[in-house]
Amino acid sequence: MTHRPKVLVVGGVACGPKVASRLKRILPEADVTMIEKGELVSYGACGLPYFVEGYFADIGQLTKTQAGMARTPAFFEAVKGFKVRTRTEAVHIDRKAKTLAVKNLLDGSIETLPYDKLVLATGGLPLRPPIPGITLKNVWFMTHPDDAESLTREAARQHLNHAVLVGAGFIGIEMAEALTEYGLEVTLVEMMDQIMPGVLDKDIAALAANHIREKGVRLVLGQRVEAVEGETKVTGVRTDKQLLPADLVLVAVGTRPNIDLARSAGLTCDKAISVNAHGQTSDPDIYAGGDCVATHYIQPGYDTALYVPLGSTANKQGRVIADHIAGKTSAFAGISCSSIVQAFDIAMGRTGLGERQAATLGIDYETVVFSGPDKPHYMPDAAQMVIKMIAAKQDHRLLGVQMAGMGQIDKRLDVAAAVIRFGGTVEQLADIDFCYAPPFSPPIDPLAACAHLMINKLDGIAHGISAFEARRQMEAGNVLVVDVRMPEERREGRLPYETLDIPLDIIRSKAEELPRDREILTFCRVSMRGYEAQRILNAAGLDKVSFIEGGMVAWPFEVAR
């Protein structure tokens, strides 16, 4: 561009401010204006549940920089060098004339703005299910600081006591904790038969669900909400199976991309705005990024379109868009669906493909579940975690990792995300030079230990089965279940099935007493001894032996006391 390029950015929450700020840094001569329909710009919507829970008292913190400066239009003009117009709605794109019509929401006037490059960062809109009563008083969505402020204000003013949350995704899980800590009785309703259905596989989700129940949240899974009851104000939520009392309802069933402006301009859209690796739409002078676009999976060879709206992704896409407008050749590599959420004392997260996605792509894959502490057992703050790993059978490529536990799962997920990003195998993951010192990790990091177990399983050495498969076999009554824990450990809980108690240190001497014509399942607390028992019994000539992966720590079902 030989002249001073005029760039309009529509949307002022995540991707939009990133585009404008980055562009002014690398192309200072650009004339950049950001258009925002609302009053606030560049706010951290992901922090809303933590305001409700009381982590911080000033909602304005969500619009401030780390240095405490409020991200206002004046701030962006003075510090970043671009203009911001709030309470201004983009209403029409004339691609031929390269103009954008905007409406002043204060006086209703229409103005036409020219552009050389236009960026659509119109974000996503909360899904509003078409159920009766959703517009009643005391029904909230949680997408804007005003939502969090009004909910906490009205909960206190009206002395609200019974909250029903619709949707067990990120917001539902975070708000279940927030409102429980706020002092309300909380019921979480999800139409699928597990929490986090779009993120976690069923086994990891079941473990986290147990912890949430223990914290007092009532989980109503596998039930569809049919109506919100009440005349002017909420009195209950009716599902297809029961009526739940409620004086507060929060709806968090997902997000849809805001593509109306793009579609009316004739830009190519599917469920979201279609863009290339540089963020360009079907019109090369119009870009789009953030929650209004779909993206692709990051691993070569597993091409699939994804819609995973996250602020982290929006910011990365914003940087790529700014670079391309400025003449740099940056490209957005895609995502690996990395995500994490805290639920009371437990964290759960995932990176890469889950089982459903791997099956949909036709991949022949293997899974393994590993349990263990995030630090050596003698450290007073050591905490258990459960890791599920998915790998391709053909080339051992790491496909995905899911985790739940009270230990530090975030850094392990980040390592797995890096391995997935570069197409690494489980052998390469196991070879990573993890930092080691007792305050941070055991000598073999749990992620590496899980990779070792996966290698053993792929090589046919380890014969592990999931807790779900183990329960199915035990309920069918065709297996002998051997508990190899020490007697004192069994006081912590037992499987609610008939078991044969043989501690690992005497299993060699007992091997001849075990039947060779019957399937045998071994297990312990985390099933490292269960795996050892499998190998010992194999060496003794018993070849119908498997161990329950993850042991008692990863057992997501009822436990006998």
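Helices here are DSSP runs of H or I with at least four residues, strands are DSSP runs of E with at least two, and both are numbered from the N terminus. Hi everyone, thanks for coming. What you see above is a predicted model, in which local features need pLDDT of at least 70, side-chain atom pairs count only at pLDDT 80 or more, and totals for chains, interfaces and linings use all residues. Residues are numbered from 1 along each chain as its sequence is written, and side-chain values use heavy atoms, with hydrogens and water left out.

Let's begin with two helices. H4 covers residues 145–157 and packs against H5 at an angle of about 30 degrees, the axes being 12 Å apart. Those axes are lines fitted to C-alpha atoms, for helices over the stretch in contact, and angles run from 0 to 180 degrees between N-to-C directions. Which residues meet there? From H4, Leu 151, Thr 152, Ala 155 and Ala 156 meet Met 175, Leu 179 and Tyr 182 of H5; contact means heavy atoms within 4.5 Å.

H5, residues 170–182, also lies across strands S10, S11 and S16 (248–251), and runs at about 170 degrees to S11. That takes us to the sheet. It is open, has 5 strands in the order S9-S16-S10-S11-S12, and its pairing is parallel; strands pair if DSSP finds at least two bridges between them. S9 (139–140) and S12 (218–221) stand at the edges with a single partner strand each, so one side of each has no neighbour in the sheet. Between S10 (residues 162–166) and S11 (residues 185–190) there are 5 bridges, and Val 164 has Thr 187 in S11 as its bridge partner.

Now for the rings. How many aromatic pairs does a search of the whole structure find? It finds 7. One is Tyr 50 with Tyr 55, edge-to-face, at 5.6 Å centre to centre and 80 degrees between the planes. For Phe, Tyr and Trp (its six-membered ring), a pair needs centres within 6.5 Å; planes under 30 degrees apart are stacked, over 60 edge-to-face, and the rest tilted. Phe 51 and Phe 56 make a tilted pair, 5.9 Å centre to centre with 50 degrees between the planes. Phe 75, Phe 76 and Phe 82 are linked by ring pairs into a cluster.

Finally, two arginines. The charged end of Arg 128 sits over the ring of Phe 141, 4.0 Å from its centre, and Arg 471 lies over the face of Phe 557, 3.8 Å from the ring centre. The criterion is NZ of Lys or CZ of Arg within 6 Å of the ring centre and within 35 degrees of the ring normal.
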